[in-house]
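Please look over the sequence and the structure shown here. The report that follows goes through some residues and then the whole chain.

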Amino acid sequence: MRRYLLLLGLISFFSCTNKEDSTPLPRIAIAGLAIESSTFSPARSTAQAFRVRTGEEIFSYYPFMEPDSANRKRAEWFPTLRGHAIPGGMVTREAYDSLVGVTLEMLKQNLPYDGLFFDIHGAMSVEGLDDPEGDFIIKVREVVGPETLISTSMDLHGNVSPRLAENSDLITCYRMAPHEDALESKKRAVDNLLERLESGKGKPKFKAWIPVPILLPGEKTSTRIDPGKSLYAKVDPETQKDGVIDAAIWIGYAWADEPRNHAVVMVTGDDEKQVKESAEYLAKRFWDVRNQFEFVAPVAYLDESLEMALKSEKKPFVISDMGDNPTAGGAGDVTWTLNEILKRPEFKSENGPELIYASIPGPELIENALKAGVGNPVQGKVGAMVDDRFAPPILLKGTVAAIKEGDKDADVEVVVKVGSVNVIVTKRRKPYHHEKDFTDLGLSPRKSDIVVVKIGYLVPELYDLRGDWVMALTPGGVDQDLERLGYKRINRPMFPLDKDMSEPDLSVRWIKSSGSK
């Protein structure tokens, strides 16, 4: 009995000791909205455009936050709302206010927080707001308070305004375009946040922000090739210096006409000298290579692109219909390119070169095709329901080659054969990035002569299947010929729009710590 009581006493002693010595896990919230939206497109993005995850569902987006992951066990997590949308036109004020409002209400439910992971893109445009992400983070700050450590993760095509920089304690962005390191970058933002909370170091002592007066499209700044490849290779070594937490280069978003739209370099850390040197070094290297940026593939206007494709022996010959790229913010329903293709005599016969066109929205034709069925003739209007500035809707007449229902983006997809052209018509706009997107419709892109896709630089799967490739300068809300866009509100001078501009001031602007006076 005495041994039993002694054992109970020891258990009680160690239990109390552990309770007294243990450090409570940090309380961390998760929130964010991500969309790339063009102010040059007449399209509008509503709340329905966003794939919204709330509460525990948010964890499914992050592989590094699985239930048994190290990160999941290092904190007490409070996921609120994370919304992500296919790029498009400006977000309606109603949609923005609604999504932000829900986020703020959810944040209020579990106050206080030690940290917050703020997962955004950085190129959201909203009706009546010049800096939505800056507005959003200020509203978040008003709820969580100045002491909460906020770690912001962004796309390198986002924009970093001074107020976004001020209210973000830690900030980082992708280092690859295409964004093959997206999840890696988000994990880095979370890791940095956890490390600063666990170590007790808290907010960085220094945040360096340098605006770089460069505005270039992503298709000229891919990290697959130089100078983008070499430039971004310089980022990680700077983060390895003692006293530096993270460093980042934002290309910025070229298809919005707002004062915040330009490149930015930011470095955060605790050593003033190292932070300053790293930021100014990266900004200077960026400016030094500004004239070396070229499109990642040959570029031509559409007629020349089609001539190249028809003469090429490399199949499939992929043509990027860049001006209406829905993954950059285009409406996705400009008919100009499809109209030009259908006028070409080479494609009038069924025995002509096989061309796949992906894609064009056309609810009217979809409805008629569902009634007609596969193998039967169909006609109906497609496209130009949102952006009719360059060409009107097309009355498409052909044969229904395939029907697929239930797609998460398109809802319904129909392949209409017109001569030797397979036109993919969708109920709702959809980007075509995966080979399966085509094969599910009975199409074989690898065996086709020409594949035309509403895209800019090719995503990995399309890049790998291409025989050859050209990027076509076509009209639309994300026209790659930036001089045709007619900027009125961006800061000037700006490279490459102002070719004779003088050397800019690339010295550090110190950003004060959030909550400081």
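## Positive phi angles

Asp411 is part of strand 18, which covers residues 411-418. The structure is a predicted model. In it, Asp411 has a positive phi of about 75°, although Asp411 is not a glycine. Its relative accessible area is 24%, so Asp411 counts as partly exposed.

Ala384 is another non-glycine residue with a positive phi, in this case near 55°. Ala384 sits in the loop between strand 16 (377-382) and strand 17 (394-407). With a relative accessible area of 7%, Ala384 is buried, because buried means under 20%. As background, most residues other than glycine have a negative phi, and most peptide bonds are trans.

## Cis peptide bonds

The bond between Leu111 and Pro112 is cis, with omega at about 0°. Pro112 belongs to the loop between helix 3 and strand 7 (115-119). Helix 3 itself spans residues 93-108 and includes Lys108. Lys108 is partly exposed, at 45% relative accessibility. Between the C-alpha atoms of Lys108 and Thr80 there are 9.8 Å in space, while the two residues are 28 apart in sequence.

A cis peptide bond also runs from Ala358 to Ser359, with omega near 5°. Ser359 is in strand 15, residues 355-361. Both Ala358 and Ser359 are in contact with Lys454.

Where is Lys454 placed in the chain? Lys454 lies in the loop between strand 20 (450-453) and helix 14 (460-465). Its relative accessibility is 3%, so Lys454 counts as buried. The side chain of Lys454 forms a polar contact of 3.3 Å with the side chain of Tyr357. Beyond four places in sequence, the residues that Lys454 touches include Asp321, Asp324, Asn325, Gly332 and Ile360.

Asp246 is in strand 11, residues 244-250, and is buried at 2% relative accessibility. Which side chains make polar contacts with the side chain of Asp246? One is that of Thr172, at 3.2 Å, and another is that of Arg188, also at 3.2 Å. Apart from residues up to four places away in sequence, Asp246 touches a set of residues that includes Ile171, Arg175, Asn192, Thr239 and Met266.

Leu193 is located in helix 6, residues 182-199. Its relative accessible area is 0%, so Leu193 is buried. Among the residues in contact with Leu193, leaving aside those within four places in sequence, are Ile28, Phe117, Leu149 and Leu170. Gly476 is 283 residues away from Leu193 along the chain, and the C-alpha atoms of these two residues are separated by 40 Å.

## The chain as a whole

The chain contains 14 helices and 22 strands. Its radius of gyration is 26 Å, close to the 24 Å from the globule rule for 517 residues, so the chain is as compact as a globular protein of that length. Along the principal axes, its C-alpha atoms fill a box of roughly 95 × 70 × 40 Å.

How much of the chain is buried? Of the 517 residues, 57% count as buried. Among contacts between residues at least 6 apart in sequence, 75% join residues at least 24 apart. The chain carries 66 positive and 78 negative side chains, and the centres of these two sets are 2 Å apart.

Key. Residues are numbered from 1 along each chain as its sequence is written. This is a predicted model: local features need pLDDT of at least 70, side-chain atom pairs count only at pLDDT 80 or more; totals for chains, interfaces and linings use all residues. Side-chain values use heavy atoms; hydrogens and water are left out. Helices (H or I, at least four residues) and strands (E, at least two) are DSSP runs, numbered from the N terminus. Buried means under 20% relative accessible area, exposed over 50%, partly exposed in between (1.4 Å probe, protein chains only). A polar contact is a pair of N or O atoms within 3.5 Å; within protein, one must be able to donate a hydrogen and the other to accept it, and residues adjacent in sequence count only if both atoms are side-chain atoms. Contact means heavy atoms within 4.5 Å. The radius of gyration is taken over C-alpha atoms; the globule rule is 2.2 Å times the number of residues to the power 0.38. Lys and Arg count as positive and Asp and Glu as negative; His and the chain ends are not counted. The place of a charge is taken as NZ of Lys, CZ of Arg, CG of Asp or CD of Glu.
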